[in-house]
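Subject: Structure handover

Dear colleague,

Here is the structure we spoke of, with the sequence alongside. Please open it first; my notes come after.

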Amino acid sequence: MSGRRELTPELKRALHEGLVIPAHPLALNENRQLDERRQRALSRYYIASGAGGIAVGVHSTQFEIREPQHNLFEKVLRLASEEVARAGLQRPFIRVAGICGPTEQAVAEAETSASLGYDAGLLSMGGLQGWTEADILKRTEKVADVMPIIGFYLQPSVGGRTFSFDFWRAFADIPGVVAIKMAPFNRYQTIDVVRAVISSERRDEIALYTGNDDNIVNDLLTVYKFQADGRVVEKRIVGGLLGHWAVWTHKAVELLEEIKRVREQGSIPAEWLTRNVEVTDSNAAFFDPAHGFAGCIPGIHEVLRRQGLLEGTWCLNPHEQLSKGQKEEIDRVYREYPHLNDDDFVRRNLAEWLV
């Protein structure tokens, strides 16, 4: 019998309506040590921006937090959870913990996260090369016995792998899977996940979230229709769990609310195709696909540094730095898409967040 804690009805409803869930970065000082003041300020920024949750201990938080010499996994999860509790929000806000590693490690991380008040775990499939799909499904079942799970389809270029339709079909049937974040940066593989979920009897229990930073707006505007049980079933990607939304977050919240209004109208103005390109172009500057995403975490840090939320772009791994020309690309998207940044919002509130 599972002892898993379930999502509250309010959280489940909000998750299915669609939320902005930023992937929480790690604030370090010049000695590459945790800057607790700025770490808390980031959480306050996301809460004040109107985000519907945060994801902590994920790629943007730097996987190195788990290494013994840093030992920051529990600390950074606790800081974020404390800030959510301190905010006393009167709206649903989901705390998502990144869960990594082989089964024993993943279960232990889920137990730690649940004890710190986290509502769901984003289960990474990275670092499991050599595991069969059946092995990974068994691991998922074990972790889902501890806490609700958000599946994660990660692109191979940054450590993920390609999974079959049958894998996602079986994944969707696992009790405790409440959502799937799709980030393969690949249309074929994204469609596989949506079709697999629609094919499952649990289709209405699973919310679909985009992690496809190269197609955020279009993902959120698209209605998917597939045959299941002898009828046409529709499903949407309702929100985003994104590293991209760790910056310019207040504008991301406005964007999703606009998209929800457009969805209700039933027809999509052509200008949204252009908006998709603007967001994707901005993401290219932050995430550095020109250099195989080498500068993706420092790119996020650079935007937050410019806004005053971070002191620098330091990472635990000293080799993770902005790529050549990346600063200039961030300059360019600031010039070309001023309507996408939330610098004014940050400027008005920064002193309060940095207390």
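This is a predicted model: local features need pLDDT of at least 70, side-chain atom pairs count only at pLDDT 80 or more; totals for chains, interfaces and linings use all residues.

Helix pairs

Two packed helices are described by the angle between their axes and the distance between the axes.

Start with helix 4 (residues 103-115) and helix 5 (residues 133-144), whose axes are 9 Å apart and at an angle of about 25°. Angles under 35 degrees count as roughly parallel, and helix 4 and helix 5 are therefore roughly parallel to each other. Their crossing is right-handed. On the helix 4 side the contact is made by Thr-103, Ala-106, Val-107 and Ala-110, and on the helix 5 side by Arg-139, Lys-142 and Val-143. By class, this contact of helix 4 with helix 5 has four nonpolar residues, one polar and two charged.

Helix 6 (residues 165-172) and helix 7 (residues 187-199) cross at roughly 45°, and their axes come within 8 Å. That angle makes helix 6 oblique to helix 7. The crossing of helix 6 and helix 7 is right-handed.

The axes of helix 10 and helix 12 are 8 Å apart, and the packing angle is about 155°. An angle over 145 degrees counts as roughly antiparallel, and helix 10 and helix 12 are therefore roughly antiparallel to each other. Here the crossing is left-handed. From helix 10 the contact takes Asp-281, Ser-282, Ala-285 and Phe-286; from helix 12 it takes Gln-326, Glu-329, Ile-330, Arg-332, Val-333 and Glu-336. By class, the contact of helix 10 with helix 12 divides into four nonpolar, two polar and four charged residues.

Helix 13 (residues 343-353) has Asp-343, Phe-345, Val-346, Asn-349, Leu-350 and Trp-353 as buried residues. These cover an arc of only 145° around the axis, which puts them on the same side of helix 13. The face turned away from that buried side carries the exposed residues Arg-347, Arg-348, Ala-351 and Glu-352.

Glycines in loops

Gly-18 is in the loop between helix 1 (9-17) and strand 1 (20-22). With a relative accessible area of 5%, Gly-18 is buried. Not counting residues up to four places away in sequence, Gly-18 touches Tyr-209, Val-238, Gly-239, Leu-256 and Lys-260. Of these, Lys-260 is 242 residues from Gly-18 in sequence, yet the two are 8.6 Å apart in space, C-alpha to C-alpha.

Gly-312 is in the loop between helix 11 and helix 12. At 8% relative accessibility, Gly-312 counts as buried. Leaving aside neighbours within four places in sequence, Gly-312 is in contact with His-301 and Arg-305.

Positive phi

Asp-229 is not a glycine, but has a positive phi of about 55°. Asp-229 is found in the loop between strand 8 (223-228) and strand 9 (231-242), and is exposed, with a relative accessible area of 61%. Phe-293, also not a glycine, has a positive phi of about 65°. Buried or exposed? At 14% relative accessibility, Phe-293 counts as buried.

Regards

Technical notes. Residues are numbered from 1 along each chain as its sequence is written. Side-chain values use heavy atoms; hydrogens and water are left out. Axes are lines fitted to C-alpha atoms, for helices over the stretch in contact, and angles run from 0 to 180 degrees between N-to-C directions. Helices (H or I, at least four residues) and strands (E, at least two) are DSSP runs, numbered from the N terminus. Angles under 35 degrees count as roughly parallel, over 145 as roughly antiparallel, 65 to 115 as roughly perpendicular and the rest as oblique. A crossing is left-handed if the near helix is turned anticlockwise from the far one by less than a right angle, and right-handed if clockwise. Contact means heavy atoms within 4.5 Å. Ala, Val, Leu, Ile, Met, Phe, Trp, Tyr, Cys and Pro count as nonpolar, Asp, Glu, Lys and Arg as charged, and the others, Gly among them, as polar. Buried means under 20% relative accessible area, exposed over 50%, partly exposed in between (1.4 Å probe, protein chains only). The arc is that of the directions from the helix axis to the C-beta atoms.
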